[in-house]
Amino acid sequence: MFGTISHLIKEMLESVRRSVLRAKIKPSTKAAAIQEHLRCAGYYVINDYWSQEKCAEARTEIDALLLDAKTTKKWTDDHQSDTRFFYAEQMGGVFLDFLNDELIEEVRLCHSGRVNSEKVIMAAKLVHREGNHGSGGGWHRDSPHTPQFKALMYLTDVNKDNGPFEYITGSQKSSQSIMDLIKGYARPNQYRFTNSEISGIKNTVTLPKVFTGKAGTLVIFDSKGVHRGVPIEAGKRYAITLYCSDGGPLLLH
Ligand SMILES: O=C(O)CCC(=O)C(=O)O
């Protein structure tokens with residue numbers, strides 16, 4: 001009972017606080033339109049945001065990182081399917097470009113209302129391994145109450161088999177989080193979800209959206225919403241993700 005009440009209070013306070021923070025920002029028409037979609041659906045997609053050449057350059061950089069035995073910022077999951085490099089922007093080049101992208105920054109600013117944000121680029125290569133859980137290790141929210149801004153750039157063509165990003169539309173909304181709690185589909189302050197818990201949530205909102213797309217597709221999303229990378233059935237996926245803190249310290253997942 002205490003958990004439920006604390007969940008409800010946190011959601012309500014967060015809604016009010018975010019409206020106040022956002023009201024101070026005066027975005028361009030383009031950024032405002034993207035943020036409005038992000039606020040309602042939880043995501044926004046821009047096709048061909050990067051050229052094929054730029055994606056190829058980023059893939060080459062990731063392959064170089066994979067060969068660098070000395071790198072300390074590498075993480076691999078237990079299945080050896082998901083290899084990640086945090087702080088890839090320190091290599092400069094296309095990774096730094098992504099960190100400093102002006103449109104993405106403007107959308108981040110108007111979605112979070114936070115003038116300052118710590119940012120990091122995570123570069124990843126995912127390959128098929130039996131039993132892999134997909135990018136992110138299964139269904140989760142990055143934060144149960146606070147909006148979190150992320151930008152994901154596909155560097156290879158992504159189809160339904162090579163680990164597309166998947167998102168439950170509208171699940172980032174406070175109203176939806178409260179409804180899922182009341183209906184018993186989610187526990188208070190819950191981060192991670194089993195596949196069977198997800199079927200309850202799916203029934204309360206629209207079907208989850210699977211983001212297939214060509215290399216160069218940009219997916220901006222609010223990672224408070226329930227999401228995952230679909231487990232890879234075949235092939236490989238290269239991608240980079242921009243992580244942004246929401247005022248406080250950056251939490252790397
Ligand atoms: O890379 C993906 O498709 C999912 C990413 C994810 O789960 C996350 O960034 O929290």
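Reader: Which residue caps the N-terminal end of helix 5?
Author: In this predicted model, Asp101 does so: one of its side-chain oxygens lies 3.1 Å from the backbone nitrogen of Leu103.

Reader: And which residues of helix 5 are buried?
Author: Helix 5 spans residues 102–112, and its buried residues are Leu103, Ile104, Val107, Arg108, Cys110, His111 and Ser112.

Reader: Let us turn to the rings. How many aromatic pairs does a search of the whole structure find?
Author: The search returns eight aromatic pairs. In one of them, Tyr43 and Tyr167 have ring centres 5.9 Å apart and planes at 75°, so this pair is edge-to-face.

Reader: Where in the chain do Tyr43 and Tyr167 lie?
Author: Tyr43 is in strand 1 (residues 43–46) and Tyr167 in strand 6 (residues 165–167), so that the pair links distant parts of the chain, 124 residues apart.

Reader: Is Tyr167 buried or exposed?
Author: Tyr167 is buried, at 0% relative accessibility. Tyr43 is buried as well, with a relative accessible area of 11%.

Reader: How are the rings of Phe165 and Phe211 arranged?
Author: Their centres are 5.3 Å apart and their planes stand at 40°, so the pair counts as tilted. Because Phe165 belongs to strand 6 and Phe211 to strand 7 (residues 209–211), the contact ties together parts that are 46 residues apart in sequence. Phe165 is buried at 4% relative accessible area, and Phe211 at 3%.

Reader: Which residues do ring pairs link into a cluster?
Author: The cluster consists of Tyr43, Phe165, Tyr167, Phe211 and Phe221.

Reader: Which charged end sits over the ring of Phe211?
Author: That of Lys209, 5.1 Å from the ring centre. In another such arrangement, the charged end of Lys150 sits over the ring of Tyr243, 4.2 Å from its centre.

Reader: Now the ligand. Which residues surround it?
Author: The surrounding residues are Ser135, Gly136, His140, Asp142, Lys150, Phe165, His227, Arg228, Gly229 and Arg237.

Reader: What lies 2.9 Å from an oxygen atom of the ligand?
Author: A polar side-chain atom of His227. Polar side-chain atoms of two further residues also lie by a ligand oxygen: His140 at 3.0 Å and Asp142 at 3.3 Å.

Reader: How much of the ligand's accessible area does the protein cover?
Author: On its own the ligand has 290 Å² of accessible area, and the protein covers 97% of it.

Technical notes
Residues are numbered from 1 along each chain as its sequence is written. This is a predicted model: local features need pLDDT of at least 70, side-chain atom pairs count only at pLDDT 80 or more; totals for chains, interfaces and linings use all residues. Side-chain values use heavy atoms; hydrogens and water are left out. Buried means under 20% relative accessible area, exposed over 50%, partly exposed in between (1.4 Å probe, protein chains only). Helices (H or I, at least four residues) and strands (E, at least two) are DSSP runs, numbered from the N terminus. A polar contact is a pair of N or O atoms within 3.5 Å; within protein, one must be able to donate a hydrogen and the other to accept it, and residues adjacent in sequence count only if both atoms are side-chain atoms. Rings of Phe, Tyr and Trp (its six-membered ring) pair if their centres lie within 6.5 Å; planes under 30 degrees apart count as stacked, over 60 as edge-to-face and the rest as tilted. A charge sits over a ring if NZ of Lys or CZ of Arg is within 6 Å of the ring centre and within 35 degrees of the ring normal. A residue is near a molecule or strand if one of its heavy atoms lies within 4 Å of it. Accessible areas come from the Shrake-Rupley method with a 1.4 Å probe; for residues, only the protein chains shown count as cover.
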